[in-house]
Structure formats: structure tokens, C-alpha cells
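I am opening a notebook on this structure.

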Amino acid sequence: MNQLEKARLTIDRVDREIARLYEERMDTLKDVAAYKMEHGKPVVDHSREEAIIERNAGYIKNPAYRDSYVRLLKFIIKESCDWQRAIAAKDKIAYQGVVGAFSHMAAEYLFPGNEKIAKSSFDAVFQAVADKEVQYGVIPFENTNSGLVGEVLDALLEYPVHILRAHDETIEQCLLGVQGATLKDIETVYSKDQALLQSRRFLQELGADPVAYANTAMAARYIARENDIHKGAIAAKENAVLYNLKVLASNIEENPQNTTRFLVIGLEQSREGDHSSLIITLKNDVGALAHVIEKIASHGLDMCSIQSRPRKGHPFEYFFFIEIVGTVSQSVIDDLREVCSQIKYLGIYPVK
């Protein structure tokens, strides 16, 4: 055995020991995370991190190795914090709005019994998933009447998430008022812009002024607090019970098949499903979009949807959301790179 082979054997032995110790360290973090969760302590403790780095760096005898070891320590600590966040986030679900919102009801259906965390915006849901505050997010993506939720499409491009599941739910919109109110009393109606759009014809016939609000359930809570017979909210009938309101009219949506597709998002990719999705931006070539369609078809895939959306910060430029029946392989993505300047694969997922 020559000198190189001996050295490699030593390195292999050391690497095995490093791997064993790393696993032991990460396993111990389960107890650390459990204690912090029980006592309401934050995952990150900067003073503790600095003390660990200062102490452990002192174990290095050769000063030539100190800086690189400090960098390794910082990486290990970062991974440790991420692991603790993942433990704390397990089985937690984020949604936009308040209790009674359609997103909340979809989250309850998809994850019965799990802890639900309300967020004020779609971006906040995505950020909670990205920061490992929660394991999954439930968001509305598309409605059969009002179309795509643009902010969600923007967020799918911006945040490092994947689609894990799609759930289609029939939406029944109701007009809610305070106790004692009647239809003829209502002058102003508050709700999410998509809900107002879905009920546009009803509002026109009623002669009420629509006012966009952050969320359907939040609109219901607002008129309950206002206690004004001239104000109404479009929301699910469950909100009448939650906020002591009166259902003034049911099924006010224009489309009786009014259905919203909700997405479950997470950091890990799903391993099974019957649909795949991509977000792409095109190279500035003639016929680029036509070539994209041709390349997808050449792999025997059925493209069931393609939606365009303006790119933020790029006037009159667009990105495209593509939904495909089947699995998008690496060879499909490689072919698309010939005509696309950017490709984000959102994963494969079941549609229920």
C-alpha cells in the first residue's frame, strides 16, 4: 500500500466518524427543539451561536485550519437551525385570512386535526413555508368564474416552493348582513375582489356598491363589528354562525358550478400524481411559445392549461404557467431550455 492509499484510508475512517457524530448531533436537536417549543423559546439564539463558535474554534491546534473550521461550524449551525425549524413546523398549516375563510375551510378539509396558522396575505403564507414556520400552505389558485389569483402565480415564481396537491372545491357565495337587516337595506357590500366578481350580476340587480376587502371572512367580521344594516358581506354561510350574522341570500354567484382550485404548497416535491406544472419565461426568439408547445407535445404530454402573467420589474414582458397531464421528465426540461430563458419546475401532484 503506497502513501496515497494509506492517506485515503485514514480520510475514509475520519469521514465515517464525522458522519456518525453529525447524525448524533442532529438526533440530539430533536430534544432541543422540543424544549424550545414547550417553553416558547426561539429557534435562533445568536449569543449561543457565537459562544459555540468561539469555544469550538479554540479546539483547533493548527491556526491554518481555524478560519475554514469556523466556516464549517457556521454551516453546521445553520443546518441545525433549519432542522429545528422543520421539527417545529411539522404538521402546521398556513392559510390566508381568518377562521371561516374559504382557505381556512379548505385547510380544515385537507388537513383535519392539524394546527392552522392564519396569515394576512398570500405572500405571508409562502414566506411561512419558505422559512419553515409551517410545513404546508393552502392557497386558492384559480376559480372557474374569476380566473387565476395573480398574486399567487407571482409567489409561485418567487418563492422556493413546490405544488404537492390540488383540491377543487365548489364555492357557495352568500350575502350576509347584521341581525335585523333585509336585502332592501343593503347599500354597500364588502368582500374579496374575486368573490365580488363572481357575484357581479347579483350586486348589479341589488344596486349595491361593491368594496374590495382583504378576505371574505374578514369582510364578514368587519360588518359584524360595524353593526350597520346598510352594509353586507359576501362570504361562506359558515361565517353567519361565526359572527352572528344573517344569511340574506344564498348561491349568489353567477356560475352555479363555481369552483375554486386550492393548492397545497411545500418545500419538498411530491413523488406521485397525475399533473405537473412549470413556470417559464421565453427567449426573445420568433415563435418561441409555439416551439414550447411543440416540444411538450413531442414527448406525448397533454398540456391542459397555459396562463400568462406580467413579469414584475419587466414592462411588457411575461412569464407562463403551464399545467400538464402526466410527468415532466428531465429530458422535457432539457428540450425546453432551447427556447426558454428560465424554467421553474413546480412538481408533480394529484388533483382531487
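Is Glu254 buried, partly exposed or exposed? I looked it up: Glu254 is partly exposed, at 25% relative accessibility. The scale calls a residue buried under 20% relative accessible area, exposed over 50% and partly exposed in between, with a 1.4 Å probe and protein chains only.

**Ground rules.** I am reading a predicted model, where local features need pLDDT of at least 70, side-chain atom pairs count only at pLDDT 80 or more, and totals for chains, interfaces and linings use all residues. Residues are numbered from 1 along each chain as its sequence is written, and side-chain values use heavy atoms, with hydrogens and water left out.

**Salt bridges.** I searched the whole structure and noted 19 salt bridges. Each one is a side-chain nitrogen of Lys or Arg within 4 Å of a carboxyl oxygen of Asp or Glu.

I started with Glu254, whose partner is Arg200. Their closest N and O atoms are 3.7 Å apart. Glu254 sits in the loop between β10 (246–249) and β11 (259–266), and Arg200 in helix α8 (residues 200–206), so this bridge ties together parts 54 residues apart in sequence. Helices (H or I, at least four residues) and strands (E, at least two) are DSSP runs, numbered from the N terminus. Arg200 is partly exposed, with a relative accessible area of 44%.

Next I took Glu133 and Lys119, which form a salt bridge with closest N and O atoms 2.9 Å apart. This pair links distant parts of the chain, 14 residues apart: Glu133 is in the loop between α5 (122–130) and β3, and Lys119 is in strand β2. Glu133 is partly exposed at 35%, whereas Lys119 is buried at 18%.

Then came Arg311 and Glu317, bridged at 3.2 Å between the closest N and O atoms. Arg311 is partly exposed at 22%, and Glu317 is partly exposed at 37%. I also noted one network, in which bridges with shared partners join Glu17, Arg20 and Glu24.

**Aromatic pairs.** I used rings of Phe, Tyr and Trp (its six-membered ring), paired if their centres lie within 6.5 Å; planes under 30 degrees apart are stacked, over 60 edge-to-face, and the rest tilted. The count came to six aromatic pairs. One of them is Phe111 with Tyr136, stacked, at 5.4 Å centre to centre and 15 degrees between the planes. Phe111 is in the loop between α4 (102–110) and β2 (115–119), and Tyr136 is in strand β3 (residues 136–143), so the pair ties together parts 25 residues apart in sequence. Phe111 is buried at 15%. Tyr136 is partly exposed at 22%.

I then checked Tyr190 and Tyr213, an edge-to-face pair at 6.2 Å centre to centre and 90 degrees between the planes. Tyr190 is in strand β7 (residues 188–191), and Tyr213 is 23 residues away, in the loop between β8 (209–212) and α9 (216–226). Tyr190 is buried at 11%; Tyr213 is partly exposed at 28%. With Tyr222, these two tyrosines form one aromatic cluster.

**Helix contact.** Contact means heavy atoms within 4.5 Å. Among the residues that meet are Ile52 and Ile53 in α2, and Val70 and Leu73 in α3.
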